[in-house]
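The following exercises concern the structure displayed below.

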Amino acid sequence: MPVLLSLFLFAGCALAQNPLVLKAARLFDGKAGALVSPGLVVVVAGKITGVGTTAQIPRDAQVIDLGDATLLPGFLDAHTHLTLPYSDDWKGATFDGLRKPVSEQTLDAAENARKTLMAGFTTVRDVGSHDYIDVGLRNAIRDGKIEGPRMLVAVHAIGSTGGHCDDDSGFRAGIFASVPCQILPSKEFYDYEDKYC
Ligand SMILES: [Zn+2]
């Protein structure tokens with residue numbers, strides 16, 4: 001099976017070096033909707049200046065030959081929530097989100113951003129967050145502090161009480177943050193006390 005490599009993987013190492021040329025057996029041309037061969041991508045000062053079989057290779061370029069691989073443009077995801085917990089255990093994830101400190105949720109979001117980038121997504125449209133985690137995440141990625149896709153952020157989402165975008169999942173706002181751990185009402189909550197208090 002041919003190897004697919006997204007071009008973003010190489011953008012960072014091109015910033016402070018000579019022009020970089022990526023060479024591979026194939027390149028997916030998104031405009032033409034076709035594979036071309038060989039695949040050539042020229043990167044100068046972190047920007048792509050030439051793509052395709054006819055791209056001009058600068059004399060002082062560093063050429064990286066990736067062999068039997070296919071280069072493709074970075075993907076865009078138009079609907080993400082990188083800062084929200086997701087799990088097959090919906091109930092558990094909901095309580096995680098309510099009890100977990102914002103600082104820990106932010107670190108979780110950074111990991112989500114890194115995984116999203118490594119999956120080939122170089123831009124996301126993040127359509128709802130809380131506590132401005134999405135803004136911090138966007139800024140940290142933009143400033144090169146952490147790895148992640150370029151983010152366009154909505155900050156606040158609009159939704160029904162208890163619905164998809166309700167930060168408090170239908171409970172009174174702040175009730176979990178304000179209730180002392182010792183008086184949480186059920187075993188299920190005590191389990192979360194063990195985890196977060
Ligand atoms: Zn959504």
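**Exercise 1.** Determine whether P149 is buried or exposed in this predicted model, and identify the residues that P149 touches.

*Solution.* Step 1: locate the residue. P149 sits in the loop between helix 3 and strand 11.
Step 1: count its neighbours. There are 27 other C-beta atoms within 10 Å of P149. A residue is buried if that count is 20 or more, so P149 is buried.
Step 2: list the contacts. Setting aside residues up to four places away in sequence, P149 touches A113, T116, L117, F121, T122, T123 and V124.
Step 3: examine one of these partners. P149 and A113 are 36 residues apart in sequence, yet their C-alpha atoms are 6.5 Å apart in space.

**Exercise 2.** Name the residues of the largest nonpolar core and state which elements supply them.

*Solution.* Step 1: list the members. The largest nonpolar core has twelve residues, namely L82, A109, A110, A113, L117, F121, V124, I133, L137, I141, M151 and V153.
Step 1: assign them to elements. At least two residues of this core come from each of helix 2 (102–118), strand 10 (121–126), helix 3 (133–142) and strand 11 (150–153).
Step 2: find the main contributor. Helix 2 gives the largest share, four residues.
Step 3: look beyond this core. A second, separate core has eleven residues, among them V21, A24, V41 and V51.
Step 4: follow one member of the largest core. I133 is in contact with T83, V102, Q105, T106 and A109, when its neighbours within four places in sequence are left aside.

**Exercise 3.** Describe how helix 2 and helix 3 pack, and state which residues make the contact.

*Solution.* Two packed helices are described by the angle between their axes and the distance between the axes.
Step 1: read off both values. Helix 2 and helix 3 pack at about 50°, and their axes are 10 Å apart.
Step 2: classify the angle. Because of this angle, helix 2 is oblique to helix 3.
Step 3: The crossing of helix 2 past helix 3 is right-handed.
Step 4: identify the contact. Helix 2 contributes V102, Q105, T106, A109, A110 and A113, while helix 3 contributes I133, G136, L137 and I141.
Step 5: Seven are nonpolar, three are polar and none is charged.

**Exercise 4.** Classify H164, D167 and Y86 as buried, partly exposed or exposed.

*Solution.* Step 1: place the residues. H164 is found in the loop between strand 11 and helix 4 (175–178), and D167 also lies in the loop between strand 11 and helix 4. Y86 belongs to the loop between strand 9 (75–80) and helix 1 (90–99).
Step 1: D167 has 17 C-beta neighbours inside 10 Å, so D167 counts as partly exposed. Y86 has 13 other C-beta atoms within 10 Å and is thus partly exposed.
Step 2: relate sequence to space. For Y86 and G97, eleven residues apart along the chain, the C-alpha separation is 9.3 Å.

**Exercise 5.** Which peptide bond is cis, and where do A45 and V155 lie?

*Solution.* Step 1: recall the background. Most residues other than glycine have a negative phi, and most peptide bonds are trans.
Step 1: treat the peptide bond. The bond from S37 to P38 is cis, with omega near -5°. P38 lies in the loop between strand 4 (34–36) and strand 5 (39–44).
Step 2: treat A45. This residue is not a glycine, although its phi is positive, at about 50°. A45 lies in the loop between strand 5 and strand 6 (47–51), and is exposed because it has 12 C-beta neighbours inside 10 Å.
Step 3: treat V155. Its phi is near 70°, a positive value in a residue other than glycine. V155 lies in the loop between strand 11 and helix 4; with 14 C-beta neighbours inside 10 Å, V155 counts as partly exposed.

Key
Residues numbered from 1 in each chain as written. Predicted model: local features only at pLDDT ≥ 70, side-chain atom pairs only at ≥ 80, totals over all residues. Core = buried A, V, L, I, M, F, W, Y, C linked by C-beta atoms within 7 Å. Contact = placed C-beta atoms within 7 Å. Axes fitted to C-alpha atoms, helices over the stretch in contact; angles between N-to-C directions. Parallel < 35°, antiparallel > 145°, perpendicular 65-115°, else oblique. Left-handed = near helix turned anticlockwise from the far one by under 90°. Nonpolar A, V, L, I, M, F, W, Y, C, P; charged D, E, K, R; others polar.
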